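Please read them with the model open beside you.

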Amino acid sequence: MSGEGIGKTVCVTGASGYIASWLVKLLLQRGYTVKATVRDPNDPKKVEHLHSLDGAKERLHLVAANLLEEGSFDAAVEGCEGVFHTASPFYHDVKDPQAELLDPAVKGTLNVLKSCAKVPSITRVVLTSSMAAVALNRKPRSPEVLVDESWFSEPNFCRESKMWYVLSKTLAEEAAWKFVKEKGIDMVTINPAMVIGPLLQPTLNTSAAVIGRLFNGSETYGNSTLGWVNVKDVAMAHILAFEIPSANGRYCMVETVAHYSEVVKTLKELYPDAKLPKKCEDDGPLKPTYQVSKEKIKSLGIDYIPFKTSLKETVESLKEKKFINL
């Protein structure tokens, strides 16, 4: 155990999620006492992996909370110095965007911040946002374009494109900045792209499933270009954003921007015998890559895990948890 968090209590919302599980693990390693919110503390699928973490017996406290209930985070944030708000739904097969994604993201974020506003001991809130709230607007993207923290996604563009998850993260971050400004809360946001790497939780999360799908015998891969980053780096960045007094504003987190064709090519190098898709789903030109600035995240001391390593860790973890057969 390293000692940065000894004697300090922090809260992690949505603690059973992919990034949040790693965040809880690293916080416990650093000596923090963690109050972790989950919807149902009695659901073994959601909490068993948290109970088994080093230090959990002594310093992990699970608290039931629901994003859509105002006041339901009061007990969780009481007595904390820092709050990490990671809880927000992420999936693509959406029937009712308002109820499934937008309300939990926007109202949920405001409910957590309202609870934080009542607690004077909280020195900083770290919000898990997303590159989804940064990079989706009408600006053209190409290999020489550099996306940085000054970019914001455009809600109308997201609505027209029916990108509901992107819209949920964009509106949630917008609402959060407005609220913390009014209330004088110190907030930092972490904006990762597609998060991959090993899974601690027993369920399959959306971003790891994207890699898993490439092994399920599909003939084609998507024509899209995405940023990629390792879950361990993302969790660590949250902690450093809380611990380093000068941390401020937003932090984009992208180790590599790669088209699916590049992802498949790298997986082929790692797993030459795997049956991977051979061609793109459409005949159009491949979606262009672009750059994402690493300057600001480096100032927190993050030295990214390389993309190839992250891919290998993801596949090995999916294999071990029997989500793919290799």
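The points below take up the aromatic rings and then several helices and strands.

1. This is a predicted model, in which local features need pLDDT of at least 70 and side-chain atom pairs count only at pLDDT 80 or more, while totals for chains, interfaces and linings use all residues. Residues are numbered from 1 along each chain as its sequence is written, and side-chain values use heavy atoms, with hydrogens and water left out.

2. The structure holds 5 aromatic pairs, where rings of Phe, Tyr and Trp (its six-membered ring) pair if their centres lie within 6.5 Å, and planes under 30 degrees apart count as stacked, over 60 as edge-to-face and the rest as tilted. One of these pairs, Phe215 with Tyr271, is edge-to-face, at 6.1 Å centre to centre and 85 degrees between the planes. Phe215 lies in the loop between helix 8 (206-213) and strand 9 (220-221) and Tyr271 in the loop between helix 10 (260-270) and strand 13 (279-280), so the pair ties together parts that are 56 residues apart in sequence. Helices (H or I, at least four residues) and strands (E, at least two) are DSSP runs, numbered from the N terminus. Phe215 counts as buried at 11% relative accessibility, and Tyr271 is buried with a relative accessible area of 10%; buried means under 20% relative accessible area, exposed over 50%, and partly exposed in between (1.4 Å probe, protein chains only).

3. Trp228 and Tyr260 also form an edge-to-face pair, with 6.1 Å centre to centre and 75 degrees between the planes. This pair links distant parts of the chain, with Trp228 in strand 10 (residues 225-230) and Tyr260 in helix 10, 32 residues apart. Trp228 is buried, with a relative accessible area of 1%, and Tyr260 is buried with 10%.

4. Two arginines deserve a look beside the rings: the charged end of Arg141 sits over the ring of Tyr290, 4.5 Å from its centre, and that of Arg250 sits over the ring of Phe152, 3.8 Å from its centre. A charge sits over a ring if NZ of Lys or CZ of Arg is within 6 Å of the ring centre and within 35 degrees of the ring normal.

5. Which residues of helix 12 are buried? They are Phe307, Ser310, Leu311, Thr314, Val315, Ser317 and Leu318. What covers the buried residues of helix 12 includes strand 8 (194-196), helix 8, strand 10, strand 12 (256-259) and helix 10. Just after helix 12, Lys322 takes a positive phi of about 65 degrees.

6. Strand 11 (residues 249-253) is mostly covered, with 4 of its 5 residues buried. It is joined to strand 7 (residues 187-192) by 5 bridges, and the two run parallel; two strands pair if DSSP finds at least two bridges between them. Within strand 11, Cys252 is the bridge partner of Asn191.

7. Tyr18, found in helix 1 (residues 18-29), counts as buried at 7% relative accessibility. Leaving aside neighbours within four places in sequence, Tyr18 is in contact (heavy atoms within 4.5 Å) with residues including Val195, Pro198, Asn205 and Val231. The C-alpha atoms of Tyr18 and Ala208, 190 residues apart along the chain, are separated by 9.2 Å.
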